Amino acid sequence: MLTLSVDEVFKLERYIFMINNFFKPENAFVGDVIPFEKDGYAYLYFLYEDRKVPKTGMPWHLIRTKDYVNYEYMGEALPSGGQYKDDFNCYTGSVVTDHKGLIHLFYTGNNPRTMDANGKSLQLVMHAISDDNMKTWQKQENMTFGAFDNYEPYDWRDPYVFYDEDNCIWRMLLAARKKTGPERRRGVTAQCISKDLIHWEEATPFWNPNKYIAMECPEVFKWGDWWYFIYSEFSDGFTTQYKMSKSVDGPWLTPKFNSIDGRAFYASKSVFLNNRRYFTGWISTKENQNDDGLWQWAGTMSTLEATQNEDGTLSFKLPDEVIQNIGDGDDKEIQLGTKIQQANGYKDIIFDQTTNSERNYLKLTFNIFENTRDWGMLLRATDDGNESYVIRVEMNRNRMVFDRWPRKRLGSEQWQESSGDVPFYIELERPIDIDNGQHVIEVLQEGTLAVIVLDGKTAMSVRMYNRMSGHVGAFVDDGTIDVLSIVQRGA
């Protein structure tokens, strides 16, 4: 048994700061977040990715907050076990409190030096305990266990533990893969049960959809009359999704709009704080810090607040406190009533308002007239609107997409434009129910990051590298809109 004092392992000085939704450690990145509520705080453990080569192991770090505006960074919380330990990499898990007040931390242990017969590194469930409010962690090295016989030993990760009050047992859900079946459809949410959090036995899989490579970072919670099952699809798409049921044993229903955000916001997990539900994940970076770069693992921490609709489905928005604490607290609201009409083509208007890389918030209120096809908002636009990022609401396709103009070009000729026939950033689209009438687009920006929210219920997180400043604009494509007002906070 290895005993680790928080005071000993916290290598970084603690400090309190305001981040207004986005957080990244200096010279490192945020991976999967493991939220845990205690004594009025949301403890946000996260995988600390420094992208160093050679790798020195992955620890957990920690920040905590009471309001999702003011944070305390507490540095390293769970260190790598070292070069020759099973937990050289400490991957995703969960934190729970047992009936005696002991706090248990379950996590994934991995060491790339430990291979199976197929040359793949094993993944193991590992365990640590705290009896002093997380000031001291004791790694329980004798409580490690690997995949059961029916599962691949190198996909056995992300243990999520919760207490089933109806059956008086602890349940553990895991991102796993069956040993047999089509290679790309073996993903399963495996399940173990325990009476004491120490001894675990195999149970019937929690979910076996036969459609994904894997479903990462599982989570289950009850909210009112509904149970929610959260997972991050690791397959041909990469989004955090949810299902809902009136029973923890299902059947699980898939709502019409079942994703929490788009491609850029991944591996989000949630916690109740002050009777509100917050989902925290990471907004992915892109290779070479370029709009055309490939998505990378890990990035910047970001949080959305979930609201529960009458039918049990969930909507997602920016927390109100985050918006209220941007800038000097005073809205710069301009009543416009600016009509943009173009019956057969495209027309935009560029406003005096500009944005740059400093943190800022924008809210545009629109009135959309009947038979309008596409409309939306321009970000960081040139004076003439010829270059910009684009938030486009496509009425006839019932979706909101993120785009930029001009797109990537391989040569000097128009026909050499490599992405000219791709109408938006692939995977940065959000399905919606949309009709004419009044609608609101909110945008929180900081540096290369932005979170876009339509009508307070549909969120889309994005990266913007190649244009760091410019004007705000609005446009219509085949139709008529009124831009009723602009609210701006911050830069």
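Predicted model: local features only at pLDDT ≥ 70, side-chain atom pairs only at ≥ 80, totals over all residues.
# Spaces, buried residues and salt bridges

Q: How much space lies in the largest cavity?
A: Grid points are joined across faces, edges and corners, and a volume is the space filled by probe spheres set on those points. For the largest cavity, this space is about 40 Å³.

Q: Which strand gives the most residues to the lining of the largest cavity?
A: Lining residues have an atom within 4 Å of a point, and here they are Asp86, Gly109, Asn110, Asn111, Thr114, Leu122 and Leu124. Strands (E, at least two residues) and helices (H or I, at least four) are DSSP runs numbered from the N terminus, and strand E8 (103–115) and strand E9 (121–130) each supply at least two residues of this lining. The strand that gives the most, with 4 residues, is E8.

Q: How many residues of the lining of the largest pocket are charged?
A: A pocket is an open set of grid points with protein on both sides within 12 Å along at least five of seven lines, and the largest one holds about 730 Å³ of space. It is lined by 28 residues, and the closest to its centre are Tyr160, Phe162, Tyr163, Val220 and Phe221. Ala, Val, Leu, Ile, Met, Phe, Trp, Tyr, Cys and Pro count as nonpolar, Asp, Glu, Lys and Arg as charged, and the others, Gly among them, as polar. On that basis the lining has 15 nonpolar residues and 5 polar ones, and the number of charged residues is 8.

Q: Is Glu305 buried or exposed?
A: Glu305 is found in strand E20 (residues 295–308), and its side chain makes a polar contact (a pair of N or O atoms within 3.5 Å, one able to donate a hydrogen and the other to accept it, where residues adjacent in sequence count only if both atoms are side-chain atoms) with the side chain of Arg276, at 2.8 Å. Buried means under 20% relative accessible area, exposed over 50%, and partly exposed in between, with a 1.4 Å probe and protein chains only. Because its relative accessible area is 6%, Glu305 counts as buried.

Q: Which residue has its backbone nitrogen 2.9 Å from a polar atom of the side chain of Asn356?
A: Asn356 is found in the loop between strand E22 (332–355) and strand E23 (360–368). Leaving out residues up to four places away in sequence, Asn356 touches (heavy atoms within 4.5 Å) Arg380, Met468, Ser469 and Ala491. The backbone nitrogen that lies 2.9 Å from a polar atom of the Asn356 side chain belongs to Glu358.

Q: What is the relative accessibility of Tyr68?
A: Tyr68 is a residue other than glycine, yet its phi is positive, near 65 degrees. It is found in the loop between strand E5 (60–65) and strand E6 (70–78). Tyr68 counts as buried because its relative accessibility is 0%.

Q: How many residues apart in sequence are the parts that Lys256 and Asp433 tie together?
A: A salt bridge is a side-chain nitrogen of Lys or Arg within 4 Å of a carboxyl oxygen of Asp or Glu, and the structure holds 29 of them. In one of these, Lys256 pairs with Asp433, the closest N and O atoms being 3.0 Å apart. Lys256 lies in the loop between E17 and E18 and Asp433 in the loop between E27 and strand E28 (437–446), so the sequence separation of the parts tied together, in residues, is 177.

Q: Which strand holds Glu429?
A: Arg399 forms a salt bridge with Glu429, with the closest N and O atoms 3.5 Å apart. The pair links distant parts of the chain, 30 residues apart, where Arg399 is in strand E26 and Glu429 is in strand E27.

Technical notes: Residues numbered from 1 in each chain as written. Heavy atoms only, no water. 1 Å grid on protein atoms, 1.4 Å probe; cavity = no way out; pocket = protein on both sides within 12 Å on 5 of 7 lines; lining within 4 Å.
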